[in-house]
Amino acid sequence: MRAFIAIDLPDTVKKSLADVIRHLMAATSNGRWVSPSQMHLTLAFLGDISRSVGIDVKGAMERVCASTV
């Protein structure tokens, strides 16, 4: 599976980005645009990993997140 580590963006940021994308779409026919609901900030792209590695990564991320709260 292709995997990445990302954080969700606040709705206010997604709305602002959607406004920018609308202006860009009007200015050019180039590009592939994503829906605001799909917008996120990728911190690390892991590439193709096995399901077992994905489970390990998920566990590690849960431990890191729990220790920062």
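Contact here means heavy atoms within 4.5 Å. With that in hand, 74% of the protein's contacts with a separation of 6 or more come from residues 24 or more positions apart. Keep in mind that this is a predicted model, with a pLDDT that averages 92.

**Fold**
- You'll find two helices and two strands in the protein.
- Going along the sequence, they come in the pattern β-α-β-α.
- The protein is more spread out than a compact globule, because its radius of gyration is 16 Å, well over the 11 Å that the globule rule gives for 69 residues.
- Taken along the principal axes, the box filled by the C-alpha atoms is roughly 45 × 30 × 15 Å.

- The protein's accessible surface is about 5,700 Å².
- Carbon and sulfur atoms make up 61% of that accessible surface.

**Charge**
- On the charged side, there are 8 positive and 6 negative side chains.
- How far apart do the centres of the two sets lie? They lie 3 Å apart.

**Confidence**
- A pLDDT of at least 70 is reached by 99% of the residues.
- Strand 2, covering residues 40-48, has the highest mean pLDDT among the elements, at 96.
- Helix 1, covering residues 11-27, has the lowest mean among the elements, at 92.

Note on methods. Residues are numbered from 1 along each chain as its sequence is written. This is a predicted model: local features need pLDDT of at least 70, side-chain atom pairs count only at pLDDT 80 or more; totals for chains, interfaces and linings use all residues. Side-chain values use heavy atoms; hydrogens and water are left out. Helices (H or I, at least four residues) and strands (E, at least two) are DSSP runs, numbered from the N terminus. The radius of gyration is taken over C-alpha atoms; the globule rule is 2.2 Å times the number of residues to the power 0.38. Accessible areas come from the Shrake-Rupley method with a 1.4 Å probe; for residues, only the protein chains shown count as cover. Lys and Arg count as positive and Asp and Glu as negative; His and the chain ends are not counted. The place of a charge is taken as NZ of Lys, CZ of Arg, CG of Asp or CD of Glu. pLDDT is the predictor's confidence in each residue, from 0 to 100.
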